[in-house]
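Here are my notes for you, as promised. Have the model open while you read, and look up each residue as it comes along.

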Amino acid sequence: MKYLDEFGDADLAKRLLDDIAASTTQPWALMEVCGGQTHTIIRNGIDQLLPDQIELIHGPGCPVCVTPLETIDRALAIAARPDVIFCSFGDMIRVPGSSDDLFRIKSRGGDVRIVYSPLDAVKIAQENPDKQVVFFGVGFETTAPANAMTVKLAKQQGIDNFSLLVSHVLVPPAIRTIMDSPTRRVQGFLAAGHVCTVMGLGEYEALVEQYQVPIVATGFEPLDVLEGIRRVVRQLENGVAELDNAYPRAVQPQGNPVAQQVVREVFEICDRNWRGIGMIPQSGWRLNADHADYDAEKRFEVLGITTVESPLCRSGEVLQGLIKPNECSAFGKQCTPRLPLGAPMVSSEGACAAYYQFRRLEVPA
Amino acid sequence: MCLGVPGKVEQVWEAEGTRMATVDFGGVRKEVCLAYVPDVQVGDYTIVHVGFALTKLDEASALETLDLFRSVGLLDEELGITVDPR
Amino acid sequence: MTDRPDLENWTCPVPLRDQTSIVMGHGGGGRLSSELVEHLFLPAFTGTPLAGVLERLGDSAVLELAGSRLAFTTDSYVVRPRFFPGGNVGDLAVNGTVNDLSVSGAVPLALSAGLILEEGMPLDELGVITQTMGDAARAAGVSIVTGDTKVVDAGHGDGVYINTAGIGLVRDGLMLGPDQVRPGDRILLSGPIAAHGIAVLSVREGLEFGSEIVTDSQPLNGLIGALLDSGARVSMMRDPTRGGVAATLNEVAAASGCGVQIVESAVPVPDDVRAACAFLGLDPMLVANEGRVVVFVRAGDADLAAETLRSHPAGTGAALIGEVVAEHPGIVVAKTGIGGTRVVDLPLAEQLPRIC
């Protein structure tokens with residue numbers, strides 16, 4: 001596939017790995033923000049191929065993992081309603097709520113459907129005028145433009161049996177939280193390439209200034225990830241802290257202004273509770289007053305949600321990179337993809353699931 | 001979080017005032033909304049995430065990046081510096 | 001697991017703690033499916049003269065009868081949508097059972113066909129499906145010799161569900177099974193993977209996409225017959241249906257007590273299938289196939305086996321993908337495209353497209 005295969009070339013990967021090895025003279029802890037990058041790293045075995053001194057800390061860039069428990073419970077309550085067709089990306093289907101998940105709701109007769117795009121949910125709404133169609137709009141900044149445009153189009157076409165349950169989260173506040181933490185260990189960041197495609201690099205410039213930490217906008221193919229790592233390591237070895245763009249084929253410094261504009265039109269900033277981490281102020285987007293009619297949270301009154309997290313689950317520490325998944329005592333025992341205690345064990349991007357799936361050999365029996 | 005896949009724009013049309021396209025992902029075709037990439041035309045490559053094109057893929061830039069990868073370590077090789085095997 | 005559960009006060013001997021009802025994942029061919037079998041069905045069906053045969057959990061049951069070995073298998077076909085690029089549920093219903101018999105080393109002879117029809121199912125559609133079943137049977141050289149039809153109320157059946165059971169005679173002297181698999185055995189795949197699963201997804205609501213990908217559903221008895229005729233010492237075969245090649249490799253690793261090592265870049269995936277998997281976020285190794293076989297063969301005969309497969313029309317594109325090892329028993333490890341390693345795990349349930 002053009003623009004994919006070339007960025008997985010084994011010989012070029014070796015070049016990049018050799019260069020990283022040659023430049024590394026001391027231990028460094030890097031964080032890749034995006035769950036998609038975590039997936040690439042673990043799936044290709046990149047962390048094992050890096051010199052031992054380089055530690056990759058897997059960041060909270062898995063929107064599935066950080067969607068607040070309360071939002072999941074709300075989604076489940078809505079999906080269970082007989083008048084609702086609940087549409088979602090595949091990633092969310094098995095995420096555990098306090099006592100249930102979408103998969104099980106489906107098994108009990110709930111109309112839960114996996115779609116590829118929010119536009120598919122609108123189509124379903126058009127085809128089922130006597131039902132309420134709700135789309136579960138989770139994601140980082142990358143996904144927000146899609147959800148924003150979908151709401152705009154629904155509004156334009158007067159499709160009023162459609163609504164969005166929104167839980168967007170933002171990367172820069174998460175980076176701030178990680179860097180402000182007294183126990184932080186991260187010395188350099190691989191910024192999420194497609195988030196930068198949308199939002200540009202300006203916010204990251206500010207973070208580099210404030211925290212004096214290298215940030216490199218990085219793509220998702222194996223060579224992209226290796227290059228991001230290579231550039232961060234070079235900066236660290238040279239004692240510099242700069243913003244760099246290692247994904248120029250898809251990232252421009254200004255981002256996508258049209259997308260930013262539409263997102264501003266439809267969403268507004270809000271505080272968000274990140275599952276496993278806690279409340280991060282001004283770290284999310286919700287539908288603004290002009291689009292409140294399409295807000296599923298307002299359309300469906302859901303009462304009496306008491307969120308209950310497993311006391312054993314340490315996903316917050318995993319998401320902040322404070323522990324590795326296999327350092328959690330429940331990992332592989334009480335917590336497995338089959339019986340997950342927290343979201344990172346379910347999501348394909350979750351660090352715990354990635355470790356379980358791809359690092360089984362290291363799991364203590 | 002960002003499964004964005006590159007594809008080639010095959011056909012463009014307008015539906016209800018919005019630019020839509022058929023994008024070819026190496027033999028698989030999907031309908032994609034081009035609202036966010038007004039400059040993308042038939043024949044261009046674009047990165048698509050959940051049914052929306054987010055940016056035009058810069059071919060020159062992609063080739064430059066690959067060249068960069070090919071040149072990594074080359075200077076060292078030319079100077080006869082061997083990479084420390086780990 | 002030999003205690004008979006108390007029927008009055010039934011508690012599962014190894015409880016499925018977290019589930020009180022069936023979820024879709026139980027049919028996915030992954031961990032949930034195998035747990036259902038082990039925790040619900042095996043304990044319930046124990047204590048009969050041939051229960052040991054069931055417990056072997058082969059693709060077919062092999063029964064000793066008057067000096068011959070009869071292979072006996074059953075499968076149900078509930079695919080949605082019923083019609084997909086390149087075929088329909090009728091093809092699967094015949095080929096699937098023919099293949100289960102074939103991978104057990106049997107020459108398929110006869111099938112039964114049980115149809116559960118939903119009131120309101122259009123007769124012309126049913127006509128196409130049954131004609132397809134007949135065509136598939138003729139192509140495979142097997143006969144549908146008995147059957148049954150039931151009709152259920154509208155809203156209770158999805159159009160048609162088909163169950164086929166099949167019998168065949170196992171070749172004399174042929175011993176196949178996970179207990180025959182040894183470290184050093186090579187692993188072959190009879191052709192490129194994931195086409196069937198992707199073909200079905202391409203027409204499934206909510207995910208539809210345009211492609212020319214068609215199902216790979218085909219009978220494998222001819223191919224397998226040729227392979228066995230060649231004299232290559234095959235230790236085990238399995239068709240990687242639900243759960244894909246990953247499920248098959250994991251099942252054999254677990255059942256044989258050996259480890260499996262494969263080279264990812266050696267696993268053939270057609271370009272357009274790879275593209276579809278990329279944009280849906282699916283791993284081709286976890287996607288279903290309906291016309292492929294995974295073959296475990298003694299190292300010395302690997303080349304002979306590969307050549308034999310490739311010279312048969314149903315085996316073009318056959319490839320050597322890995323080997324059986326003594327290390328890491330029960331675990332499948334893949335060498336990745338860039339030289340790293342990763343574990344290929346048994347999928348939990350059916351794989352779902354992702355956005356991340």
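The points below go through a sheet, a hairpin, a chain contact and a helix pair.

1. A word on the ground rules. This is a predicted model, in which local features need pLDDT of at least 70, side-chain atom pairs count only at pLDDT 80 or more, and totals for chains, interfaces and linings use all residues. Residues are numbered from 1 along each chain as its sequence is written, while chains are lettered from A and ligands numbered from 1 in the order in which they are written.

2. Start with chain A. Its open sheet has five strands in the order β2-β1-β7-β8-β9, paired in parallel. Strands here are DSSP runs of E with at least two residues, helices are runs of H or I with at least four, and both are numbered from the N terminus. Two strands pair if DSSP finds at least two bridges between them. At the edges sit β2 (54–61) and β9 (243–245) of chain A, each pairing on one side only. From one strand to the next, the twist averages 25°.

3. β1 (residues 28–34) and β7 (residues 188–192) of chain A run parallel and are joined by three bridges. You'll find A:Leu30 opposite A:Gly188 in β7(A).

4. Now hop to chain B. Strand β4 (residues 45–49) of chain B pairs with β5(B) in the antiparallel sense, over four bridges. B:Ile47 faces B:Thr55 in β5(B). The hairpin has two residues between the strands, and B:Val50 there takes a positive phi near 40°.

5. Is β5 of chain B buried or exposed? Five of the five residues of β5 (residues 52–56) of chain B are buried, so the strand is largely enclosed by the rest of the structure. Buried means 20 or more other C-beta atoms within 10 Å of the residue's own, with C-beta atoms placed from the backbone.

6. How do chains B and A meet? 33 residues of chain B are in contact with 48 residues of chain A, where contact means C-beta atoms, placed from the backbone, within 7 Å. On the chain B side, β4, β5 and α1 (59–71) of chain B each give two or more residues. α1(B) gives the most, with six.

7. Last, a helix pair in chain C. The axes of α6 (residues 221–229) and α9 (residues 302–310) of chain C come within 9 Å and cross at roughly 145°. Axes are lines fitted to C-alpha atoms, for helices over the stretch in contact, with angles from 0 to 180 degrees between N-to-C directions. C:Leu223, C:Ala226 and C:Leu227 in α6(C) meet C:Ala305, C:Thr308 and C:Leu309 in α9(C).

Definitions and conventions. Two residues are in contact if their C-beta atoms, placed from the backbone, lie within 7 Å. A residue is buried if 20 or more other C-beta atoms lie within 10 Å of its own, exposed if 12 or fewer, and partly exposed in between; C-beta atoms are placed from the backbone.
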